[in-house]
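Hi there,

Here is the structure I promised to pass on to you. Have a look at it first, and then read on for what turned up.

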Amino acid sequence: MSASVTLPRMMEIGGGAIARTPDLVKNLNASRVLLITDRTMVQFGYADKVQQLLTQADIESRVYADTIPEPTASSVDEAVQIAKDGGFDCLIALGGGSAIDSAKAIAILAHFGGKMRDYKVPRIVNEQGLPIIAIPTTAGTGSEVTKFTVITDDATDEKMLCVGLGFSPTAAIVDYELTMSLPARITADTGIDALTHAIEAYVSRKASAFSDFNALEAMRLIAPNLRTVYHNGSDTNAREAMMRGATIAGIAFSNASVALVHGMSRPIGAFFHVPHGLSNAMLLPSITAFSIQEAPVRYAQCAVAMGLARETDSIDVANARLVEELAAINQELNVPTLEEFGVTRDNFESVVDTMIEQALASGSPANNPRVPNPEEMKSLYRGLWS
């Protein structure tokens, strides 16, 4: 069987790659750039650096720095209007997954109009909006290479999954040097997010030989370096490995889809404002343990790729080590429980049925090796309290 593969048209990868930004803009025949970013990128000087590079190349630009973590439909409205009124012919997305996801939404809405809810699954958005050059500053989401964006509906608190070629960046600049100043908490959350992408892509029912290759390589890069960058963010070799691993994991899941962890994670973020990588981390050990029985060989191969088991070890030994390691990572990287994060049990119980409905509606749980029924999903959610 053939496999459909989606990638950015152009990619620049490596330390100092950000200097190539003007070349990519010119390769797109663009001349007026709207830089979509956040206040942190302005404070770090990264937004100014990009704008200086563009100015030196005689490319007009304007900075929009009001994107928010976990973007909502209303949070992109102002930038959509700016893009429309300003005659911009290219967007540069600079920041973490939230900035890049915001830019993806802005690119479509500025070009085609409508509301964000018009573009959520099951609709597949293959129409091309404004071209996007994605410059990630975290080693986690892989959004720079994916055809997905997640935007929260303000009215319902639903994290809307939006899918299609129209959301895939036209170009990506993957420069690990931009991650060197990341604090430990964000390093941990985004790193576990990337590991989750790789594991879920590998066990997904939509996996292919292409996505398998990238998923396994991503695990080989991420697993030995995640703890290192958490404890020592100045380790350049580990930072570079994490950045490459996160991008490769993004390529893997963009072409194989994520599964149950992500399906259940999005409602946690929507209702309780838990950062996406953190909610993935909360769920990953228990959902892996739940799913192993339907794909024991696949999960064992994940353990081997992560350096937890040898090829000669039994499948059961490899899988036991995988589940143990995922729990150990959470403990070492100080991943809180929902209760420790500040969510009350009563609040959780009042929305858990809606969370299950939203998770199933996203389609991601159907990609899982073991597809839970609503009662099993409720049990997995409640397991976050134990």
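In this predicted model, helix H16 spans residues 374-382, and its buried residues are Met377, Lys378, Leu380 and Tyr381. Those four sit on the same side of H16, because they cover an arc of only 160° around the axis. What do they pack against? The partners are three helices: H10 (260-272), H11 (276-291) and H15 (345-361).

On the H6 side, the contact involves Asp193, Thr196, His197 and Glu200, which meet Leu260, Val261 and His262 in H10. Sorted by class, the residues of this contact are two nonpolar, three polar and two charged.

From H7, the residues in the contact are Asp212, Leu216, Met219 and Arg220; from H12, they are Arg298, Gln301, Cys302 and Ala305. This contact has four nonpolar residues, one polar and three charged.

H12 (296-305) also leads us to the next spot, as the loop between H12 and helix H13 (315-332) holds Asp313. Is Asp313 buried or exposed? With a relative accessibility of 15%, Asp313 counts as buried, because the cut-off is under 20%. The side chain of Asp313 has a polar contact of 2.9 Å with the side chain of Arg321.

Last, please take a look at Val50, which you will find in helix H3 (residues 46-56). Val50 has a relative accessible area of 0%, so it is buried. Which residues does Val50 touch, leaving aside those up to four places away in sequence? They are Ile18, Thr21, Leu35, Ile92, Leu94 and Ile135. Arg20 lies 30 residues from Val50 along the chain, and the C-alpha atoms of the two are separated by 9.8 Å.

How values were computed: Residues are numbered from 1 along each chain as its sequence is written. This is a predicted model: local features need pLDDT of at least 70, side-chain atom pairs count only at pLDDT 80 or more; totals for chains, interfaces and linings use all residues. Side-chain values use heavy atoms; hydrogens and water are left out. Buried means under 20% relative accessible area, exposed over 50%, partly exposed in between (1.4 Å probe, protein chains only). Helices (H or I, at least four residues) and strands (E, at least two) are DSSP runs, numbered from the N terminus. The arc is that of the directions from the helix axis to the C-beta atoms. Contact means heavy atoms within 4.5 Å. Ala, Val, Leu, Ile, Met, Phe, Trp, Tyr, Cys and Pro count as nonpolar, Asp, Glu, Lys and Arg as charged, and the others, Gly among them, as polar. A polar contact is a pair of N or O atoms within 3.5 Å; within protein, one must be able to donate a hydrogen and the other to accept it, and residues adjacent in sequence count only if both atoms are side-chain atoms.
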